[in-house]
Amino acid sequence: FFSSRRRHTRLQGDWSSDVCSSDLGIVEEIEKALGGPYVMSAGAVYKKGNVGRILDEFHRVLTYHIKAAQYLLDKERWDVFFGHLMVTDSMQHELWHLLDPTHCAHDPKEAAEHLPRIEAIYQRIDEEFLKPIVDALDDGTSLIVMSDHGFGGIERIIYINMWLLQKGYIAWSQDFWTQTKDRKSTRLNSSHLVISYAVFCLKKK
């Protein structure tokens, strides 16, 4: 969320920014208004049989993010306001194969069972987040709704770093943080159209 009303910018971070904020008290303020702890993103990972629990988490996080955005939007007069809802990104990472009947992991029965709650994520964004903003717009305010990237099914991935490791061209760094990383984290069911996973701390032999 950004404000330049008093010639400063306020940034409230999401998962990728590790709850960074230019206003050091804003996280505590949101937690006081909405209840804590502050929810950055849904961390649920798909496994067969846990789609219901994943969707519970997605809807819980969506509720918190909508309330946080509405709270800040109503709090003061904004010059520019950005609201970034992460749940659509998380949902498509974990459940794309349920939306795409051509995907190799698609299960028609599983998809039919959970599709209404998946679609409800988009419906809630329209009704609970966008509609109040649209209804409150004046003639001098513009609203832009956009996605920061596209999505598509992924069935095969090659991790160049892993290939280089297997061939012996590079080796794992021995520092503490590298050794504690999950080296098997390869979500194969779906991803961004441009892969950004599996960034390893490596050094040449």
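Glu-128 is partly exposed, with 32% relative accessible area (partly exposed lies between buried, under 20%, and exposed, over 50%, using a 1.4 Å probe and protein chains only). Its side chain meets that of Arg-124 in a salt bridge, 2.8 Å from N to O (a salt bridge is a side-chain nitrogen of Lys or Arg within 4 Å of a carboxyl oxygen of Asp or Glu). Arg-124, at 14% relative accessibility, counts as buried. Helices here are DSSP runs of H or I with at least four residues, strands are runs of E with at least two, and both are numbered from the N terminus.

A word on the model before going on: it is predicted, so local features need pLDDT of at least 70 and side-chain atom pairs count only at pLDDT 80 or more, while totals for chains, interfaces and linings use all residues. Residues are numbered from 1 along each chain as its sequence is written, and side-chain values use heavy atoms, leaving out hydrogens and water.

How many salt bridges does a search of the whole structure find? The search finds seven. One of them joins Lys-75 to Glu-29, with the closest N and O atoms 3.5 Å apart. Lys-75 lies in helix 2 (residues 51-75) and Glu-29 in helix 1 (residues 26-34), so this pair ties together parts that are 46 residues apart in sequence. Lys-75 is partly exposed at 37% relative accessibility, and Glu-29 is partly exposed too, at 22%. The side chains of Lys-75 and Glu-29 are also joined by a polar contact of 3.5 Å (a pair of N or O atoms within 3.5 Å; within protein, one must be able to donate a hydrogen and the other to accept it, and residues adjacent in sequence count only if both atoms are side-chain atoms).

Lys-131 and Asp-135 are four residues apart, so about one helical turn lies between them. Lys-131 is partly exposed at 46%, whereas Asp-135 counts as exposed at 54%. Elsewhere, salt bridges that share partners join Lys-48, Asp-107 and Glu-110 into one network.

## A nonpolar surface patch

Which residues form a nonpolar patch on the surface? They are Val-134, Leu-137, Leu-143 and Val-145, with about 310 Å² of accessible area together. Patch residues have over 30% relative accessible area and no salt bridge; like charges are joined within 9 Å, and nonpolar side chains (Val, Leu, Ile, Met, Phe, Trp, Tyr) within 5 Å. Accessible areas come from the Shrake-Rupley method with a 1.4 Å probe, and for residues only the protein chains shown count as cover.

Leu-143 sits in the loop between helix 4 and strand 1 (151-153). At 37% relative accessibility, Leu-143 counts as partly exposed.

## Aromatic pairs

The whole structure holds four aromatic pairs (ring centres of Phe, Tyr and Trp, the last by its six-membered ring, within 6.5 Å; planes under 30 degrees apart are stacked, over 60 edge-to-face, the rest tilted). Among them, Tyr-38 and Tyr-64 are edge-to-face, 6.0 Å centre to centre with 85° between the planes. This pair links distant parts of the chain: Tyr-38 is in the loop between helix 1 and helix 2, and Tyr-64 is in helix 2, 26 residues apart. Tyr-38 is buried at 15% relative accessible area, and Tyr-64 is buried at 10%.

Trp-163 and Tyr-169 have ring centres 6.0 Å apart and planes at 45°, so their pair is tilted. Trp-163 is partly exposed at 39%, while Tyr-169 is exposed at 53%.
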